Amino acid sequence: MTKGAMGNIIRTMRIILQLSILFILTLAGEAISHMLPFDFPGTLIAMFLLLLLLGTGIVKEEHLAESASFFSRYMALFFIPAGVEVIENFEALRSAWIAVVIISLISLFVTFLAAAKAVEIAERIARRREA
């Protein structure tokens with residue numbers, strides 16, 4: 001077996017391991033979601049778990065770098081089903097378009113604030129680690 005082929009096998013195994021970590025977190029998030037007495041998306045719980053693991057250093061950024069890069073590169077593909085659904089249900093949206101626009105603007109603003117706060121917290125943590 002050549003060095004190049006062996007390198008490809010190792011890279012593939014590393015990506016499979018990284019995806020396994022993400023899938024295990026997603027499964028854990030879904031399990032926690034089903035145990036809660038109220039509805040809460042399991043995927044959000046999985047993201048909180050991932051944030052907790054990254055923040056504590058149990059999982060390092062490089063443990064997920066290659067699979068995260070793959071998902072980032074092809075992220076647009078994940079929006080195709082949602083776009084098709086919007087097109088298929090356009091008549092229902094037509095009657096409520098003002099509410100949809102207002103809700104979209106509010107959620108955009110809230111998301112922007114949450115992202116800014118998350119960056120602020122991450123920078124504060126990074127400064128503490130450097131000191």
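## The largest pocket

In this predicted model, the largest pocket holds about 1,100 Å³ of space. Its lining comprises 23 residues, and those nearest the centre of the pocket are Leu-22, Met-47, Leu-50, Leu-51 and Leu-54. By class, 16 of the lining residues are nonpolar, three are polar and four are charged.

Three helices each supply at least two residues of this lining: H1, H2 (42–56) and H3. The most is given by H2, which contributes eight residues to the largest pocket.

## The second largest pocket

The second largest pocket holds about 280 Å³ of space. Its lining consists of Leu-51, Leu-54, Gly-55, Ala-118, Val-119, Ile-121, Ala-122, Ile-125, Ala-126 and Arg-129. Two or more of these residues come from each of H2 and helix H7 (97–130). H7 gives the most to this lining, with seven residues.

The lining of the second largest pocket divides into eight nonpolar residues, one polar residue and one charged residue.

## The contact of H1 with H3

Helix H1 spans residues 3–35 and helix H3 spans residues 65–73; their axes come within 8 Å and cross at roughly 80°. Angles of 65 to 115 degrees count as roughly perpendicular, and H1 and H3 are therefore roughly perpendicular to each other. On the H1 side, the contact is made by Arg-11, Arg-14, Ile-15, Gln-18, Leu-19 and Leu-22, and on the H3 side by Ala-65, Glu-66, Ser-67 and Phe-71. These contact residues comprise five nonpolar, two polar and three charged.

## Salt bridges

Five salt bridges are found in a search of the whole structure. Glu-66 lies in helix H3 and Arg-11 in helix H1, so the pair, 55 residues apart, links distant parts of the chain.

How values were computed. Residues are numbered from 1 along each chain as its sequence is written. This is a predicted model: local features need pLDDT of at least 70, side-chain atom pairs count only at pLDDT 80 or more; totals for chains, interfaces and linings use all residues. Side-chain values use heavy atoms; hydrogens and water are left out. Axes are lines fitted to C-alpha atoms, for helices over the stretch in contact, and angles run from 0 to 180 degrees between N-to-C directions. Helices (H or I, at least four residues) and strands (E, at least two) are DSSP runs, numbered from the N terminus. Angles under 35 degrees count as roughly parallel, over 145 as roughly antiparallel, 65 to 115 as roughly perpendicular and the rest as oblique. Contact means heavy atoms within 4.5 Å. Ala, Val, Leu, Ile, Met, Phe, Trp, Tyr, Cys and Pro count as nonpolar, Asp, Glu, Lys and Arg as charged, and the others, Gly among them, as polar. On a 1 Å grid over the protein atoms alone, a cavity is a set of points where a 1.4 Å probe fits but cannot get out, and a pocket is an open set with protein on both sides within 12 Å along at least five of seven lines; lining residues have an atom within 4 Å of a point. Grid points are joined across faces, edges and corners, and a volume is the space filled by probe spheres set on the points. A salt bridge is a side-chain nitrogen of Lys or Arg within 4 Å of a carboxyl oxygen of Asp or Glu.
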